[in-house]
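Open the model in your viewer and keep the sequence panel beside it. The stops below say what to select and what is found there.

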There are 2 protein chains.
Amino acid sequence: MGDGEERWLTPEQQHAWKKFISVVELLPGVLDTQLQRDADLTHFEYFTLAMLSEAPNRTLRMTALASLTNATLPRLSHVATRLEKRGYLERSPCPEDRRATNALLTEAGFEKVRTTAPGHVSTVLANVIDPLTPADISDLDRIMGRMLGELDPNDRFQAKNE
Amino acid sequence: MGDGEERWLTPEQQHAWKKFISVVELLPGVLDTQLQRDADLTHFEYFTLAMLSEAPNRTLRMTALASLTNATLPRLSHVATRLEKRGYLERSPCPEDRRATNALLTEAGFEKVRTTAPGHVSTVLANVIDPLTPADISDLDRIMGRMLGELDPNDRFQAKNE
């Protein structure tokens, strides 16, 4: 990280940072590889469908879905178009607010989540959860919550509040 | 995460996982945004230059540089071509093994790291390090080391050994 960073991060911080950034770079590829191989979905596409599968009536406003998936609305809209073409998702004006748009998980979309979840969960368990002790899980929750306080200062995304 | 995952992750694991995956999705954008705005570099390009800046004679074999940057050799080669065009890096056959290729940080490349480091370090401190206590740093180091044991089982990348 150059001379500058070595002056400004302590050796302990430097070591933790290098491990952390390695995980941040490696994990998305591992998640995407399994999902694309087994379900022809990116992790973001799967996560979008999965969030809808947990919502009441399998329906969410696009703004709420963007918040749940840590995405901007333009990014989510782009992915929703792809998922719509594959028959997993439908968009329609929100009955309570015609300016807003709802996303609905179709029956085919729900089935896709149901059949895809086990393989994805196995990947998460094997790479992230199983190597950790219960104390590690609790530490991870606390540490990531603190980082989200900076990365998402306006509470735009929802994981922090879980 | 679908019905399947909720059966297989405990609520504590689910909460920690959702926060963690949010950080994994948000952090790269924050790092890239600052570096592209202030230095016209992606985080991966900066990290590549920074790793070379710390090496003896500012030179590394491409295979060693790939290991340090958590990258495959094809991905690194692609980025090295871009950095070479901008005058920050030069490649040449390795004198000890003509089949291997060395990457050398040029004087312009070193100067680029020197002027870019402070802004990048500030971003890392503000979003990752400063929200954490010394105990959090030590926990983060331990937890990420355990995940890397799965994500990088063959020790291809080097952060785990720091």
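This is a predicted model: local features need pLDDT of at least 70, side-chain atom pairs count only at pLDDT 80 or more; totals for chains, interfaces and linings use all residues.

Leaving aside residues up to four places away in sequence, A:Thr42 touches A:Asp32, A:Leu35 and A:Gln36.

**Chain A as a whole**

Now select chain A and hide the rest. Seven helices and three strands are present in chain A. Followed along the sequence, their order is α-α-α-β-α-α-β-β-α-α. Along the principal axes, the C-alpha atoms of chain A fill a box of roughly 55 × 35 × 30 Å. Of the 162 residues in chain A, 54% are buried. Among contacts in chain A with a separation of 6 or more, 51% are between residues 24 or more positions apart.

**A loop residue in chain A**

Is A:Asn70 buried or exposed? The relative accessible area of A:Asn70 is 6%, so this residue is buried. Check its backbone too: A:Asn70 is not a glycine, yet its phi is positive, at about 55°. Most residues other than glycine have a negative phi.

**Helix H7 of chain A**

Select residues 134–151 of chain A, which form helix H7. This helix has 18 residues and spans 25 Å from its first C-alpha to its last, close to the 26 Å expected at 1.5 Å a residue. Colour its buried residues: A:Asp136, A:Ile137, A:Asp139, A:Leu140, A:Ile143, A:Met144, A:Gly145, A:Met147, A:Leu148 and A:Leu151. What do the buried residues of H7(A) pack against? In chain A, their partners are helix H2 (11–39) and helix H6 (107–129). In chain B, they are helix H2 (11–39), H6 and helix H7 (134–151).

**H7 against H7**

Show chain B again and select H7 in both chains. The axes of H7(A) and H7(B) cross at roughly 115° and come within 10 Å. H7(A) passes H7(B) in a left-handed crossing. From H7(A), the residues in this contact are A:Asp136, A:Asp139, A:Leu140, A:Arg142, A:Ile143, A:Met144, A:Arg146 and A:Met147. They meet residues of H7(B) that include B:Asp136, B:Leu140, B:Arg142 and B:Met147. By class, the contact of H7(A) with H7(B) has eight nonpolar, no polar and eight charged residues.

**H3 and H6 of chain B**

Move to chain B and select helix H3 (residues 43–53) with helix H6 (residues 107–129). These two helices pack at an angle of about 120°, with their axes 10 Å apart. That angle makes H3(B) oblique to H6(B). The crossing of H3(B) past H6(B) is left-handed. On the H3(B) side, look for B:His43, B:Tyr46, B:Leu49, B:Ala50 and B:Ser53. On the H6(B) side, they meet B:Phe110, B:Lys112, B:Val113, B:Thr116, B:Ala117 and B:His120. The contact of H3(B) with H6(B) divides into six nonpolar, four polar and one charged residues.

**Last stop**

Finish at B:Arg58, in the loop between H3 and strand S1 (59–61) of chain B. B:Arg58 is not a glycine, but has a positive phi of about 50°. With a relative accessible area of 25%, B:Arg58 is partly exposed.

Conventions:
Residues are numbered from 1 along each chain as its sequence is written. Chains are lettered from A and ligands numbered from 1 in the order in which they are written. Side-chain values use heavy atoms; hydrogens and water are left out. Axes are lines fitted to C-alpha atoms, for helices over the stretch in contact, and angles run from 0 to 180 degrees between N-to-C directions. Helices (H or I, at least four residues) and strands (E, at least two) are DSSP runs, numbered from the N terminus. Angles under 35 degrees count as roughly parallel, over 145 as roughly antiparallel, 65 to 115 as roughly perpendicular and the rest as oblique. A crossing is left-handed if the near helix is turned anticlockwise from the far one by less than a right angle, and right-handed if clockwise. Contact means heavy atoms within 4.5 Å. Ala, Val, Leu, Ile, Met, Phe, Trp, Tyr, Cys and Pro count as nonpolar, Asp, Glu, Lys and Arg as charged, and the others, Gly among them, as polar. The expected span of a helix is 1.5 Å times one less than its number of residues. Buried means under 20% relative accessible area, exposed over 50%, partly exposed in between (1.4 Å probe, protein chains only).
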